[in-house]
Amino acid sequence: MPKILIIEDEPEMRRNITTLLRFYGYNPVAAENGRAGIEAARREKPDLVLCDVMMPAMDGHAVLRELRADKNTARIPFIFLTAKGELDDLRTGMNLGADDYLIKPVKVRDLLAAIRTRLERIEEHRPAMLPN
């Protein structure tokens, strides 16, 4: 069961995403802000991160920069899930190294498709297990 870290400062949104992912067979881990999200990523080693952009104290861009700078978290697929939908916002997120950028409100099927695509890509690039 893939572990997905949700970094979202809005409690209701965080609960809704957590419930949705659990329903679809994922193991969600939630963090209420960017700093807690970075700590959770280092501790939990998630298979994927969903992160809001606009958060107090540490925004999603700073979270992504910090995770990409750490060799232990640099390769975790990272999806922004945000209300900031302007082209410049999307371009900034992608230039920082995000794997996807979804705009709220996002359709459940689009969110699940983005997650599935990123997780499948990891599997495709994982070295095959060699027989003993």
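## Asn27 and its surroundings

Setting aside neighbours within four places in sequence, Asn27 is in contact with Met1, Pro2, Lys3 and Ile4 (contact means heavy atoms within 4.5 Å). This is a predicted model, where local features need pLDDT of at least 70, side-chain atom pairs count only at pLDDT 80 or more, and totals for chains, interfaces and linings use all residues. Numbering runs from 1 along each chain as its sequence is written, and side-chain values use heavy atoms, with hydrogens and water left out.

Asn27 sits in strand 2 (strands are DSSP E runs of at least two residues, helices are H or I runs of at least four, both numbered from the N terminus). With a relative accessible area of 30%, Asn27 is partly exposed (buried is under 20%, exposed over 50%, partly exposed in between, using a 1.4 Å probe and protein chains only).

## The largest core

Now for the nonpolar core (buried Ala, Val, Leu, Ile, Met, Phe, Trp, Tyr and Cys residues joined through side-chain atoms within 4.5 Å). The largest one has 21 residues, and Leu5, Ile7, Val49, Val63 and Phe78 touch the most other members. Helix 2 (34–44) and helix 3 (60–69) are among the elements that each supply at least two residues, and helix 2 gives the largest share, four.

Outside four places in sequence, Phe78 touches residues including Val49, Val63, Leu64 and Ala98.

## Thr73 in its loop

Thr73 lies in the loop between helix 3 and strand 4, and at 2% relative accessibility Thr73 counts as buried. Its side chain reaches the backbone oxygen of Leu67 at 2.7 Å. Beyond four places in sequence, Thr73 is in contact with Ala41, Arg42, Leu67 and Arg68.

Note on methods. Polar contact = N/O pair within 3.5 Å; in protein donor to acceptor, adjacent residues only side chain to side chain.
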